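Here is a short tour of one structure, written for someone who likes to follow strands and side chains. Have the viewer open as you read.

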Amino acid sequence: MNLRVIIFICIVLFPPPLFAREKTDVIVMKNGDRMTCEIKGLSAGVLSVKLSYAQGTIGVEWAQVARLESNQLFLIRAEDGTVYTGKLSTGETSGERPMNIQIASVPEKEVEISQSQLIKLDQTAQTFRRRFDGAISTGILYSKGNETTQYNVASQVEYRRERWSGQASFNSSLAASSRASDSTRNQIDLSCMKLLRWNNWFYSGAGNFLQSSVQGIDLQTTLGGGIGRFLRNSNQSSLYIVGGLAWQNAQYKTYTARQGAQNAAAGLIITDLKIFRFKKTDLDVSAVILPGITEAGRVRTNLNASYYIKVFGDLSWNMSFYGNWDNQPPPTLSGSDYGTSSGLSWTFGNR
């Protein structure tokens, strides 16, 4: 990729940190502890907060929260797929009675849901800039014995509204050795999701741009869309699947494949699984399968998996796997490219 492309990616996928909100939210725990803080969000059964007298983000077990109060705006997702935008408050509860959350989107409208039904909470605002969140990961490995260097850089940014969201991610890896030719892999993924009237149903659009020296791919472009559904959406895990159609254009190294660009129509199957554990780990596995329509019998597959171990604050240690497979590659070219990496991850914005 040339310098202009790299600059563009950095501008889009590495935005500067967002301005913090005022730390005026109030949380009361079941054991009586009271915190005045900034509520960052709720995910995987963990309520993330920031205190004015502590560094980094603190994770609070959502099931142990007895009361909360905030005049800030949040995007709220319920277990049945319903979404809301509003401010949060709770009434008084006694004993072990479950807490109910009041969501006030406007003064004339208020919705109440139980604590166990609220599975996702994200900061939002009226301004465009403060609706972003994202993560940056990097890793490097060097071996003097065979003079081998490997690095991996990944970035993800997401923009969310009440009933739709957009996401962009970038992944780049390089392996250089004095005893073999360098191998590079660069991938950009774009996606958007819009909720339908039926809870947990949505339609989605996706774009993928891949360069792989191992497979002899100069540029592989995939554009597609379809209808999807959340099969599971809770504080412990989420799983969705999308089915649709896609178009793919692949440009190979002509001196190897001796052919021009390939254009093909294909079916599109996307699945994404996330598993969460309080204070400990996250697992994220996504797969894209493209069974050929105009090229009967040809199947392309893309798999990405990441396992995160919390270190402290917004830092995590990650171990990742990527892979691309093509069961009918052009003659003399490899049908697969896969690898692993590990390193540090830093989340920013509303995460």
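## Strand β5 and its partners

Strands β5 and β9 (residues 118–123) run antiparallel and are joined by five bridges. Within this pairing, Arg77 has Lys120 of β9 as its bridge partner. Keep in mind that this is a predicted model.

On to the other pairings of β5. Strand β6 (residues 83–90) is antiparallel to β5, with six bridges between them, and β1 (residues 25–29) is also antiparallel to β5, joined by four bridges. Glu69 is a handy landmark: Glu69 is the bridge partner of Val26, and Glu69 also stands opposite Ser89 in β6. Four residues lie between the strands in the hairpin of β5 and β6, where Gly81 takes a positive phi near 100 degrees.

## The nonpolar cores

Which residues touch the most other members of the largest nonpolar core? They are Ile27, Leu47, Trp62, Val65, Ile76 and Leu121, in a core of 23 residues. Two or more residues come from each of β1, β2 (34–43), β3 (46–50), β5, β6, β7 (100–106) and β9. A second, separate core has 12 residues, including Met193, Leu195, Phe202 and Ala266.

Setting aside neighbours within four places in sequence, Leu47 is in contact with several residues, among them Ile27, Ile39, Ile58, Trp62, Val65 and Leu121. Gly41 and Gly59 are also in contact with Leu47.

Methods. Residues numbered from 1 in each chain as written. Predicted model: local features only at pLDDT ≥ 70, side-chain atom pairs only at ≥ 80, totals over all residues. Heavy atoms only, no water. Pairing = 2+ DSSP bridges. Core = buried A, V, L, I, M, F, W, Y, C linked by side-chain atoms within 4.5 Å. Buried < 20%, exposed > 50% of the residue type's maximum accessible area, 1.4 Å probe, protein only. Contact = heavy atoms within 4.5 Å.
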